[in-house]
Amino acid sequence: MINSENFIQDFRDLYLKSPQCGSWSRGSENCDYGDIITVSKDSYMCFNSGNCRDAYYCEDSRALTNCTDCAFCEQCELCYECVDCNNCYDSNYCQDSVNCEDIHFSYDLRRCKHCIGCVGLRDKEYYIFNKKHSQEDYEKALETLDFSNPKILEEIDKKLEVLKREIPRKFVHQFDTQNCTGDYIYHSKNCYRCFDTRHTEDSGYIYQANLDMGTKDSWDCGPIPTGMDLCYDIAYSHYLFNCKHLYWCGNLKDSQYCTNCFESKNLFGCHYIKSKEDGYYILNQKVDEDFYKKTTKEIIDILREKGIYALYDLLFKDLDRDVVSVSDDQLGRSCTLCGDNFEITEDEIGFYKKMDIILPIYCPNCRAEQRIDLRNERKMYKRECGGCKNPLITTYSPDNPHIVYCLDCYWQNIG
Ligand SMILES: [Zn+2]
Ligand SMILES: [Zn+2]
């Protein structure tokens, strides 16, 4: 029995009862502490990363070896405290540097070796604070630099900051892009305010889409939206077409308000099911096409009336709040959460109309935060698998009320 009036409660109840996966790491060895680690070995407290060896506390990175405290790095080895570095070796405290070796406290270097405290150099060797030194002097300086002394680190940092202000930098981190606003965008076109995004087209507010299949014609997706077309309000999901309000889903078509659903189409308000290609489903129950169409319309009307906007609202929000009226003609508005003013562009409005979505009442940052808030904090706990009872190391605390499975049990028991 499906009662449209009870949808919100039933949706939440089903969500709380449905199993969650204790860890999404796969193809990895000795990487139990951390999450979403793929094809990696001997790594600790890394998140959203792949092909890593001996990496510690790294995030959103690929192919790191022997690295610690790095974020948004690729193909680095023996690096420490680096951000947005690519193909660097034996380097620490560096940012935005590519193809470098033995560089320290540096910013925006390309193909440089043996540099300390440098900014904006290309093809240089033995530089300290952007001044050429002999190999001997450089080696002496490096030897006397005690990186474990906070006072020395502070001094270097101060000098580096001065240089950073003197040397001009590129206004944006983009490569192979056309008509994109945002930062750290690669191989993309027509992107509006996207960040850390690759292979994305005709989309807006896409975050952390760093994999090779980006998104097309989608808004408000990420982290980790992969291979999506015509999607909205999606987090941690892949290969979707025409979907809205999903979390941890993959290979879905024409579906809305789902978590942990895979290889299916025409799902509405479903959790933890897979391979439902054969019909229409509301709250995990099979229904006929006419009922599906009529009932989903009814439910959406109720959600609109209550001002339910995102998946996050539906799962966690107190519904006895003031309903915000949303008129289509008002392009500038203030966020009902943080109060910041934000604008809605014409392109965005076109998309919302096409997708039949009410105009947002939250600013883009709050929207992205809500999607991230669907996940657990980056803390690891020991608890046992709800299926096989094997010990799990997971971001689900022992008192988290969900049923939590290991990856094997998760796939064995899915409906
Ligand atoms: Zn806001
Ligand atoms: Zn298990």
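This report describes strands, helices, cores and a few single residues of one predicted model.

Residues are numbered from 1 along each chain as its sequence is written, while chains are lettered from A and ligands numbered from 1 in the order in which they are written. Because the model is predicted, local features need pLDDT of at least 70 and side-chain atom pairs count only at pLDDT 80 or more, whereas totals for chains, interfaces and linings use all residues.

**The open sheet**

Helices (H or I, at least four residues) and strands (E, at least two) are DSSP runs, numbered from the N terminus. Two strands pair if DSSP finds at least two bridges between them. Eight strands form an open sheet with mixed pairing, in the order S4-S5-S6-S7-S8-S9-S10-S11. Strand S4 (53-56) and strand S11 (131-132) are its edges, and each pairs on one side only.

Within the sheet, strand S6 (residues 77-80) runs parallel to strand S7 (residues 89-95), and three bridges join them. Here Glu77 stands opposite Tyr89 in S7. Helix H2 (residues 135-144) packs on the sheet, where H2 touches strand S9 (113-116) and strand S10 (125-128). The direction of H2 makes about 55° with that of S10; axes are lines fitted to C-alpha atoms, for helices over the stretch in contact, and angles run from 0 to 180 degrees between N-to-C directions.

S9 and S10 are parallel and share three bridges, with Ile116 opposite Ile128 in S10. S10 and S11, in contrast, are antiparallel and share two bridges. Tyr127 has Lys132 in S11 as its bridge partner. These two strands, S10 and S11, form a hairpin with two residues between them, and Phe129 in the turn has a positive phi of about 45°.

A residue is buried if 20 or more other C-beta atoms lie within 10 Å of its own, exposed if 12 or fewer, and partly exposed in between, with C-beta atoms placed from the backbone.

| Residue | Second residue | Apart in sequence | C-alpha to C-alpha |
|---|---|---|---|
| Asn130 | Leu252 | 122 residues | 53 Å |
| Cys270 | Cys258 | 12 residues | 4.8 Å |
| Asn376 | Thr395 | 19 residues | 6.0 Å |

Asn130 lies in the loop between S10 and S11. Asn130 counts as partly exposed because 17 other C-beta atoms lie within 10 Å. Two residues are in contact if their C-beta atoms, placed from the backbone, lie within 7 Å. Leaving aside neighbours within four places in sequence, Asn130 is in contact with Cys118, Val119, Leu121 and Leu163.

Cys270 sits in the loop between strand S20 (267-268) and strand S21 (271-274). With 29 other C-beta atoms within 10 Å, Cys270 is buried. Its contacts, apart from neighbours within four places in sequence, are Cys258, Cys261, Tyr281, Leu283 and Asn284.

Asn376 is placed in the loop between helix H7 (364-373) and strand S26 (381-384). Asn376 has 16 other C-beta atoms within 10 Å, so Asn376 is partly exposed. Neighbours within four places in sequence aside, Asn376 is in contact with Thr395 and Tyr396.

**Nonpolar cores**

A nonpolar core is a set of buried Ala, Val, Leu, Ile, Met, Phe, Trp, Tyr and Cys residues joined through C-beta atoms within 7 Å. The largest such core has 52 residues, of which Ile234, Leu240, Leu246, Cys249, Leu252 and Cys258 touch the most other members. Strand S16 (residues 225-235) supplies the largest share of this core, five residues. A second, separate core of 35 residues includes Cys73, Cys76, Cys79 and Cys115.

**Helix H4**

Helix H4 (residues 289-305) has 17 residues and should span 24 Å at 1.5 Å a residue; its end C-alpha atoms are 24 Å apart, which agrees. The expected span is 1.5 Å times one less than the number of residues.

Thr295, Thr296, Ile299 and Ile300 are buried in H4. They cover an arc of only 140° around the axis, so they are on the same side of H4; the arc is that of the directions from the helix axis to the C-beta atoms. On the other side of H4, Asp290, Lys294, Lys297, Asp301 and Glu305 are exposed. The buried residues of H4 pack against helix H1 (7-17), S20 and strand S22 (280-282). Just after H4, Gly307 takes a positive phi of about 75°.
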